[in-house]
Structures are given as structure tokens and as C-alpha cells.
Amino acid sequence: MRKLKRLMAMCLVGIMAFSFVGCSSNGTTGVSGFITGSGSSALLPLAKDAAEKFKETNPDVSVTLNAGGSGTGLKQVADGSVDIGNSDVPAEDKLEEKYYSQLVAHKVCTATIATVVNPELAKEVNGLTKQQLIDIFTGKIKNWKEVGGPDLEILLIARPQTSGTRAVFREYALDGNEEMSGAALETDDSGTLLQTVADNKGAIGYVALPYIVHNNKVSALAIDGVEPTLENTYNGSYPVWGYEYMYTKGEPKGVIKAYLDYIVSDEYGVRIEEQGYGVTAKMTVER
């Protein structure tokens, strides 16, 4: 009888130990499953980094992420093509009510949008006024000599209508003015945009700050004398920024909820600023 009791006690301990395998302080360790996401190119680096870190303690999770623009991500999460739609703008800005009413917003961070030019050009033009920026992107100014630079035609790089980065830039950098149609290049691939700017002295475009934190091949321009930095975004002096959202169709469950919980956890929070994104709680202004 004594041996039987000892055996039962050992079995109970084993069961209890098994029940705690895969658990952690943030409740995300040990999950498994598949996650798909698409949308904002501005948010893509964070989504990928978070996925890599998440998988370190959840090796049985598979995450597939693509860009394509905020509009694409929102459309795909609304129709069930992906689990998460990444967006630089609220869903109601891109979708009809019958679609966005089904979605749940998860505000994960802020993204500062920087205007970038070739470093050689930046030696002569290291900043623009907001009005000069508006005039360049609406096609009124076509040569850099008009803003104190060299006699060189401006190579304008635009983003497609589906781009949330474009929407944020239009509202807060261009004061609602639409970009000139028929730009020399239109792309929502930030890597392509940066390479084009690096290769062409006359080029100008805009990207989320995380894309240039460790990139010295392009130069960011000040607007009205204010540099596009996290500090200036936090204190409200730099105006071109927006909240970054991850949308789900209904409340997330299982592995998707665990992934989203991890992104907004204190554990991952330290990584947000390291990548050039802003912590929402640090903003001194709201939108």
C-alpha cells in the first residue's frame, strides 16, 4: 500500500510538471500554429522582428508576413485571406463600414515618416519648409535650384493609393494635398525606394523612420527646421507620424492572440524604440 501511494504521488507530480511546460510570465510560450499577415510596409520590419523573437520561445509557430500597403492588408483581413492586417491608418479610412465594423484594432506603436534624399544633395539642401515640400510633391517645384539646391531636375518617388504611409504623409506633411500624378517612380517597396534615392542625386521620397535608423545611404530632411526623430515626434514638434495598427477579424484567439499580446508586452517593448518605432504611451500629443 505504501508503494502504491508513493507511485501515485510521483504520477501526480509528473502531471503537474507537464501542465506547466510551455508556460511563461507573459503566457505566450509553448503555443503552436500558423499566422499570416499583410499590409503596411512601414510596420513590416516590426512585425517580422516580433515574429522572430516570438518564435524563439514558440518554435512550433509559423509566421508568413507580406507588405502590399495598408489598404491591401485591411482588405485581406476583412475577407479572411490573412489573420492580421497591418495598417498605418484606421480601417474606416480604407474600408466601407460593413467591412471595417467586423475588425478589431490593436494599436501597437507609432511610426515617424521621414522625407529622404541623396546624401550628395543633402549637402546643399538639408531641409525644406512645409510649403516647399508641398510644392515639390504636387509638381509646382520641378528643379532643386528653386529651393537653393543645384540645377538638377527633381526625381519624385511616389507611393500607390493603397499605401497607408502615403495617407499619413499626405495628411501631415502635405496638409491634405494630393501628390502629383505621373511621378517618375511609384512603389510601396521601401527597399526599392531607398535604393533609388541612393542611386540618384535628384531623387526624393519618404519612408518610415525604422528603414533609415541604420541606413547611411540616404539622408533625412528637416521640415521647417525640425528633424524627423523619435524625440521630436514624442514632444509633438515633428508632425509627420501616425499610429500603427494590427487588425484582426473579430477578437483574436489562440496563437494569434499570443503573438499580439507578445508585441504589446513589456518584454518586447524594449525592442520597439531600438528599431525606430515610437512607444504610444510616450506621446505627448494625441490624434
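Biologist: Is the crossing of α2 and α11 left-handed or right-handed?
Modeller: Right-handed, for α2 over α11. Keep in mind that this is a predicted model.
Biologist: Okay, and at roughly what angle do their axes cross?
Modeller: Roughly 140 degrees, and the axes of α2 (residues 44-57) and α11 (residues 266-274) come within 11 Å. That angle makes α2 oblique to α11.
Biologist: Which residues in α2 and α11 meet there?
Modeller: From α2 you've got Leu 46, Asp 49, Ala 50 and Lys 53, and they meet Tyr 268, Arg 271 and Ile 272 of α11. By class, that contact has 4 nonpolar and 3 charged residues, with no polar ones.
Biologist: What about α2 and α10, at what angle do they pack?
Modeller: About 110 degrees, with the axes of α2 and α10 (residues 254-263) 10 Å apart. So α2 is roughly perpendicular to α10.
Biologist: How do the residues of that contact divide by class?
Modeller: The contact of α2 with α10 has 10 nonpolar residues, 1 charged and no polar. On the α2 side they include Ala 47, Ala 51 and Phe 54, while Val 255, Ala 258 and Tyr 259 are among those in α10.
Biologist: Switching topic: what pLDDT does the chain average?
Modeller: The average is 90, and 90% of the residues score at least 70.
Biologist: Where does pLDDT stay under 50?
Modeller: Over residues 1-28, and for that stretch the model has 10 contacts beyond four places in sequence.

Methods: Residues are numbered from 1 along each chain as its sequence is written. This is a predicted model: local features need pLDDT of at least 70, side-chain atom pairs count only at pLDDT 80 or more; totals for chains, interfaces and linings use all residues. Side-chain values use heavy atoms; hydrogens and water are left out. Axes are lines fitted to C-alpha atoms, for helices over the stretch in contact, and angles run from 0 to 180 degrees between N-to-C directions. Helices (H or I, at least four residues) and strands (E, at least two) are DSSP runs, numbered from the N terminus. Angles under 35 degrees count as roughly parallel, over 145 as roughly antiparallel, 65 to 115 as roughly perpendicular and the rest as oblique. A crossing is left-handed if the near helix is turned anticlockwise from the far one by less than a right angle, and right-handed if clockwise. Contact means heavy atoms within 4.5 Å. Ala, Val, Leu, Ile, Met, Phe, Trp, Tyr, Cys and Pro count as nonpolar, Asp, Glu, Lys and Arg as charged, and the others, Gly among them, as polar. pLDDT is the predictor's confidence in each residue, from 0 to 100.
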